[in-house]
Amino acid sequence: MNTNDREFLVQKIRTQYTEKEQTSLDTLRQLDAKVKRPANIFAYILGALGAIIMGSGMSLVMTDLGTILGFENTMPVGIIIGIIGLILCIINYPVFKAILNSRRKKYADKIIALSDEIMRG
């Protein structure tokens, strides 16, 4: 191992044990994550819920699960449940964008001020 590789390895290990100072760029990244995280979490949950509901409706239509549950004619019930799940999946993106835009408006002043400060150096 040459000297440069050894110094790089030592520096890499050393940085893991030193206290890191909070910089403006770190604060900017945290603010950006604070804006996006709630919208992403909501979109994942609503999308998964819509897919599960839509799949449940499809399974009622395509299998004999409905007769086991006591439904005599599973086709209308399965179609209605599937459409409800489909609607949830369809509205997921517009709701995600609305949440994201409202949070962007809420934090825009802080983020722009901090990014201007970083850009000026």
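In this predicted model, helix α2, comprising residues 24-62, packs with helix α4, comprising residues 74-120, at an angle of about 175°, the two axes lying 7 Å apart. Because angles over 145 degrees count as roughly antiparallel, α2 is described as roughly antiparallel to α4. The residues that form the contact of α2 with α4 comprise 31 nonpolar, 13 polar and 7 charged.

The 39 residues of α2 should span 57 Å at 1.5 Å a residue, and the computed separation of 56 Å between the end C-alpha atoms agrees with that expectation. The buried residues of α2 include Leu28, Leu31, Val35, Leu46 and Leu60, together with the glycines Gly47, Gly50 and Gly57 and the charged residue Asp26. These buried residues of α2 pack against α3 and α4.

For α4, the 47 residues should span 69 Å at 1.5 Å a residue, and the end C-alpha atoms, 65 Å apart, are in agreement with this value. A kink of about 55° is present in α4 and is centred on Tyr107, a residue that is itself listed among the buried positions of the helix. Other buried residues of α4 include Gly78, Gly82, Gly85, Leu88, Asn92, Phe96, Leu100, Arg103 and Leu114. The buried residues of α4 pack against α2 and against α3, which covers residues 65-69. Gly121 follows α4 and has a positive phi, near 90°.

Methods. Residues are numbered from 1 along each chain as its sequence is written. This is a predicted model: local features need pLDDT of at least 70, side-chain atom pairs count only at pLDDT 80 or more; totals for chains, interfaces and linings use all residues. Side-chain values use heavy atoms; hydrogens and water are left out. Axes are lines fitted to C-alpha atoms, for helices over the stretch in contact, and angles run from 0 to 180 degrees between N-to-C directions. Helices (H or I, at least four residues) and strands (E, at least two) are DSSP runs, numbered from the N terminus. Angles under 35 degrees count as roughly parallel, over 145 as roughly antiparallel, 65 to 115 as roughly perpendicular and the rest as oblique. The expected span of a helix is 1.5 Å times one less than its number of residues. The bend at a residue is the angle between axes fitted to the seven residues ending there and the seven starting there. Buried means under 20% relative accessible area, exposed over 50%, partly exposed in between (1.4 Å probe, protein chains only). Contact means heavy atoms within 4.5 Å.
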